[in-house]
Amino acid sequence: MSRGLNIVRIISGQWKGRNLKTVKGMNTRPTSDKVKGAIFNILAGKVMNARVLDLFAGTGNLSFEALSRGGRHAVLVEKDTSALETIRKNAEILGAVPRTSILRMDAMNFFKQAVQERFDLIFLDPPYRQGLADMALAYLQTQPLLNPGGVIIIETSSDETVDDAIDPLEIRLIREYGDTRLWFIQNKEEHEEG
């Protein structure tokens with residue numbers, strides 16, 4: 001069955017209206033404009049000057065949207081060769097190369113490095129129904145990659161759940177848009193103090 005051409009564009013900020021290149025085939029599933037708009041409306045002021053980690057980056061859609069809206073720098077992690085080349089092309093087209101670090105590796109291998117950076121926004125948009133969101137969260141529980149006030153945003157199918165036993169993190173918000181479910185996660189202590 002033909003699904004038609006997926007047009008991915010920046011919806012707000014410095015590069016508003018610019019189209020992004022996409023990956024041919026069905027291996028990469030870019031976040032729709034509706035879902036992407038919802039994510040960034042919820043994040044609001046947290047995007048400005050944010051350091052972004054984009055695991056399972058695909059086309060770089062979420063990172064480039066964050067950079068367009070004033071994000072400072074994005075680290076994009078992707079293992080698929082075609083997707084990686086698409087990310088590089090998109091960074092060049094937008095003039096975003098100086099504000100990006102593009103890493104070819106499996107997302108889980110990223111956690112196995114001695115990562116010194118801290119991030120304000122961490123996007124997890126793994127392939128659906130493979131348990132990868134929970135695996136990534138298990139790493140994020142033990143590694144201090146999230147800055148104070150930072151947010152982890154997970155995108156899953158609407159029939160998936162995310163483990164909520166993730167101390168010191170906690171699920172703050174869950175939203176559904178069609179067949180997509182969004183999870184917003186932050187450090188528990190910040191909620192208790194606030």
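**Group meeting: a sheet and a helix pair**

Let's start in the sheet. Ten of the twelve residues of strand 7 are buried, so strand 7 is largely enclosed by the rest of the structure. Buried means under 20% relative accessible area; exposed is over 50%, and partly exposed lies in between, with a 1.4 Å probe and protein chains only. Strands (E, at least two residues) and helices (H or I, at least four) are DSSP runs numbered from the N terminus.

A word on the source. This is a predicted model, where local features need pLDDT of at least 70, side-chain atom pairs count only at pLDDT 80 or more, and totals for chains, interfaces and linings use all residues. Residues are numbered from 1 along each chain as its sequence is written, and side-chain values use heavy atoms, with hydrogens and water left out.

Seven strands make it up, open, in the order 5-4-3-6-7-9-8, with mixed pairing. Two strands pair if DSSP finds at least two bridges between them. At the edges sit strand 5 (100–104) and strand 8 (169–177), each pairing on one side only. On average, neighbouring strands are turned by 15° against each other, direction ignored.

Back to strand 7, residues 146–157. With strand 6 the pairing is parallel, over five bridges. Phe-119 has Leu-146 in strand 7 as its bridge partner. With strand 9, residues 180–187, strand 7 pairs in the antiparallel sense over six bridges. Ile-154 is bridged to Trp-183 in strand 9.

Helix 5 (residues 132–142) packs on this sheet, touching strand 6 (119–124), strand 7, strand 8 and strand 9. Contact means heavy atoms within 4.5 Å. The direction of helix 5 makes about 170° with that of strand 7. Axes are lines fitted to C-alpha atoms, for helices over the stretch in contact, and angles run from 0 to 180 degrees between N-to-C directions.

Next, the helix pair. Helix 1 (residues 33–43) packs against helix 2 (residues 61–68) at about 45°, with the axes 11 Å apart. Helix 1 and helix 2 are therefore oblique to each other. Oblique is what remains after under 35 degrees (roughly parallel), over 145 (roughly antiparallel) and 65 to 115 (roughly perpendicular).

Who touches whom? Lys-36, Ile-39 and Phe-40 in helix 1 meet Asn-61, Leu-62, Glu-65 and Ala-66 in helix 2.

How buried is helix 2? Eight of its eight residues are buried, so helix 2 is largely enclosed by the rest of the structure. Just after helix 2, Gly-70 takes a positive phi of about 110°.
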